[in-house]
Amino acid sequence: MHGRVAVVLGVVVLTGALLIAGANPASTAVPPLMTVQGKLTSAVGTPPAAGPKTFTFKIYDAPVGGTELWPGGPGETQVVNTDAAGLWTAQLGSVAALTDPVFSATERWLEITVDDGVNPPETLSRTKLNTNPYTYRASTVDGASGGTITSKVSIGPGHTNTGTDAFVAGANNTVSGEATAVSGGTGNTASGRKAVVSGGQNNTASGDNSLVCGGTANEASAVEAIVGGGSGNVATGVGSVINGGAGNAASGLLATIGGGFYNRARGQYAVVGGGGGDASSDSNTASGDWSTVGGGRQNVADDIIATVSGGRQNTASGQGATVGGGVGNVITGNYSTIPGGYDNAASGSNSFAGGLHARANHDGCFVWADAIAPQFPSSTGNEFSVRCRGGARFVSAIDGLGNPTAGVQLASGGGSWSSISDRNAKENIEPVDGAALLAKLASIPVAMWNYKSQPTEVRHIGPMAQDFYNAFGVGEDDKHITTIDADGVAFAAIQALHAKTQEIDELRALIAELQKRLEAMTAQAK
């Protein structure tokens, strides 16, 4: 068999192991083998004897010398039958698996060594491997895996892919940015650098590092902007996020819209949680920096750190203003609060308005209005104003059933406070020595004076709390005089005075009787 030559008639190489994973590997599976065929002839042109022969296969990266790429070591050895004409066929990869790196470059050379068992083994000249029908399927990546993408990939019909290291799948999508991707859907566009559209329809990611996860007609046009889904949402602020919903727009730096309809986050770091309406006029708007609208409808937070938690048609226009909810409430004062209710307004700074038609028109005032019209306005700054036409109560103690045992109340339509003075709420009851109390009362200085907190012309009359406490030892401390104690002292003093008045009346009656007797005796003596 010396001097024989081998002519490689054809090579069919499996490329399935070289491809990126495709749509359905099972449906178009490519066999993991490479078929090689050839014809053995002797030096005089006649074929060797037919029958089994030992073939050893190796693949190199050069026609002579070079590096053995497959399979390594002694090579892949197979027993191959030749026919009477010297023709043979072998399946490479039957013994040592073919791997993707073997075909990572454009030129590969097959080396064959033949041993017929009679003559010394002979290594034939290397044969260059060429393409085969399966390799033309690489552009569709059916059932493919492995490999390295160094430029761009397009999967599906109608795509425009002009990006660098870009990827596009689906149908009729457009990719033009560097390292951008459209993973699926139709009519989507990724033009920003490292921008991604995951799917959906007619979505656009034009900002660098921007992302549209899906939905319809959404747009992330700013750097690092994100639209999670929904329809017609637009994230134009740097780093802004819209999670979903419809018709929402986040234009502020790092602004966020959680969802809902036609909401607007225009301020830096502004947040709209959701809500909104079915038209742009019904949207919630957070236009102040760090402002928040939690939800509801037609609410506006348009100053720094302003908040509207919910409700409808509420406005927080003051810096740091807060509207908890309700309908038609408006704050224009800084750091003011309206917890809810209807048609309340706080125009003073650091003020509070609640209930119905309350008006906190001055700084630092508290205004609470009951559920009866008309408006109830504050009258001066730093004022506590409550309209409660049903009366008011302050309860300072209760029993085990929750019944009030101490406190005061203002009756509906009344003009003064009344304290709880129920006998059942009292204990350690002792009689009072009216005469002794009257004597102590006579020793207490009573003066006219004014509070240091009031103008000097606003005068008051009464004892000092220290003198009152030292004289009677009642009350919580020596800095206050409770009205119930002052009234009690007055009652006891009046009773003591009444007793003295009775004594005086008795003496007067006795004097009158004696006077009459004296007059009668005088008349008889004459």
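A salt bridge is taken here as a side-chain nitrogen of Lys or Arg within 4 Å of a carboxyl oxygen of Asp or Glu. The structure is a predicted model, in which local features need pLDDT of at least 70 and side-chain atom pairs count only at pLDDT 80 or more, while totals for chains, interfaces and linings use all residues. Residues are numbered from 1 along each chain as its sequence is written, and side-chain values use heavy atoms, with hydrogens and water left out.

Side chains of opposite charge can pair when their charged atoms come close. By the salt-bridge rule, the count is nine. One of them joins D282 to R297, with the closest N and O atoms 2.8 Å apart. Because D282 sits in the loop between β26 (271-272) and β27 (285-286) and R297 in the loop between β28 (292-293) and β29 (300-301), this pair ties together parts that are 15 residues apart in sequence. Strands here are DSSP runs of E, at least two residues long, numbered from the N terminus. D282 is buried at 11% relative accessible area, whereas R297 is partly exposed at 27% (buried, under 20%; exposed, over 50%; partly exposed, in between; 1.4 Å probe, protein chains only).

D370 meets R387 at 2.8 Å, N to O. D370 lies in the loop between β38 (366-369) and β39 (376-377) and R387 in strand β40 (residues 384-387), so parts 17 residues apart in sequence are tied together. Both D370, at 14%, and R387, at 10%, are buried. D370 also forms a salt bridge with R389, at 3.6 Å from N to O. R389 is in the loop between β40 and β41 (392-398), so its pairing with D370 links parts 19 residues apart in sequence. R389 itself is partly exposed, with 39% relative accessibility.

Notes. Helices (H or I, at least four residues) and strands (E, at least two) are DSSP runs, numbered from the N terminus.
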